[in-house]
Amino acid sequence: MVLEFSEDRQDSTTRARGNVTLRCWRVGRLDPEAGTFHPVTAGARPRTDPAGPNPCNPVPVTRGGGGRRAFRGAAPCSALVSADRSFPGRPGQFRFPLAPPPPPPAPSVLPLARLAAPGSRLAAPGSRLPAMLGRCAPGSPGPRPVARALPPSASALRQRLRQCAERIPEAEAVLDLLEKCPEHQKKGGFPVIVFEGLDATGKTTVTQAVKDTLNGILLRSPPTCISQWRTVFDDEPTPVKRAFYAAGNYILASEIAKASTQAPVIIDRYWHSTAAYAIATETSGKVQDLPPAQDEVYQWPDDLLKPDLVLLLTVDPEERVRRLQNRGLEKTKEEAELEANSLFRQRVEESYRRMVNPACQEVDASPSKEEVLKTVLQLIKKHCAF
């Protein structure tokens, strides 16, 4: 018996429609008296009579799971079958299209509003979920994580400078100076006092007055040996720029270690200044968007010489602008941004205040030079032993 049928299908390879005519042999047992035909199902064990195989069934006697293999061997399909419907390694075997798998069930997720709804256990007093949901509200980008713009150690700093040394000759020169500095510098017996603050807060005036009063040694960061390259690195990408200023601190540390064996050391800017500007630059938005106070970005590097005291000079914004105008000096890029962007200035000042180990002692530098000097000397006497 021959059965012919047609199938309208979409070819998965060519995406073209066409008709495929199949001519298949039906295998089974014919009962002449009853006029019925009993087909054999593929995969089932072929039926046999006690006297032997049925003459109408050419399938030999098999056992177990061999029925499907015997059926295919005895009655191969003689129709023209497209190649894309054949099983690999089994030519001529027809592969019927499989129905697409059902889509996965949608996850059962509660809306954020229901999680923090009144009466929910997650919105109970003391729960942090409402605040977290507020930062993750739809359409709200949330606080941007701060990248570690500053290398956390001298070894990481050297690696960053090596990456750009071929392109920037000055980076190779800075790296040579850094390689000559001993690791884990230790200061001498005299105190080391650092003055930090924005431009036009009186650092130059106060540091010179303290140096004269204590008969000390005045140093600045970046040190003189690399300060002539500031304009080169200020135009570089942020990681390279921060690496230059961080390297200046490590090079300066070797000078501090030597000078502190001879006299009190007064420093105009050190690590806190480098870190505060880096944090404020890498953070956008308001002061609330800064890393939390306990974040590691405010920590002092373990392998960098620590000062005995850090004094942060501050003045109100209007007074600082007036002093800048009176100086008549060319503004740096960061100073221009400080003047034009009040949020950036606020982030820098707050980053200074969050520095720890050692922390900054804030000094109001708005009064006269004599009053500020008196306050500074009192703090030095309190925190430093001569």
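D268 is buried, with a relative accessible area of 8% (buried means under 20%, exposed over 50% and partly exposed in between, using a 1.4 Å probe and protein chains only). This residue is found in strand β9, where strands (E, at least two residues) and helices (H or I, at least four) are DSSP runs numbered from the N terminus.

Which residues is D268 in contact with, leaving aside its neighbours within four places in sequence? They are F195, K203, T204, T207, L219, R220 and S221, with contact meaning heavy atoms within 4.5 Å.

## How to read the model

This is a predicted model, in which local features need pLDDT of at least 70 and side-chain atom pairs count only at pLDDT 80 or more, while totals for chains, interfaces and linings use all residues. Residues are numbered from 1 along each chain as its sequence is written, and side-chain values use heavy atoms, with hydrogens and water left out.

Helix α6 has 12 residues (203-214) and should span 16 Å at 1.5 Å a residue; its end C-alpha atoms are 16 Å apart, so the two agree. The expected span here is 1.5 Å times one less than the number of residues.

K203, V206, T207, A209 and V210 are the buried residues to look at in α6. They cover an arc of only 165° around the axis, which puts them on the same side of α6; the arc is that of the directions from the helix axis to the C-beta atoms. As a reminder, an α-helix has 3.6 residues a turn, so residues three or four places apart point the same way.

What covers these buried residues includes strands β7 (192-196), β8 (217-220), β9 (265-268) and β10 (309-314), along with helix α14 (369-383). Just after α6, N215 takes a positive phi of about 55°.

## Aromatic pairs

The structure holds four aromatic pairs. One of them joins F244 and Y245 edge-to-face, at 5.1 Å centre to centre and 75° between the planes. Rings of Phe, Tyr and Trp (its six-membered ring) pair if their centres lie within 6.5 Å; planes under 30 degrees apart count as stacked, over 60 as edge-to-face and the rest as tilted.

F244 is buried at a relative accessible area of 0%, and Y245 is buried too, at 13%. Together with F233, these residues form one aromatic cluster.

## Cysteines

How many disulfides does a search of the whole structure find? The count is zero, taking a disulfide as a pair of cysteine sulfur atoms within 2.5 Å. C181 is in no disulfide, and the nearest cysteine sulfur, that of C225, is 7.9 Å away. C181 is buried, with a relative accessible area of 12%, and C164 is buried at 6%.
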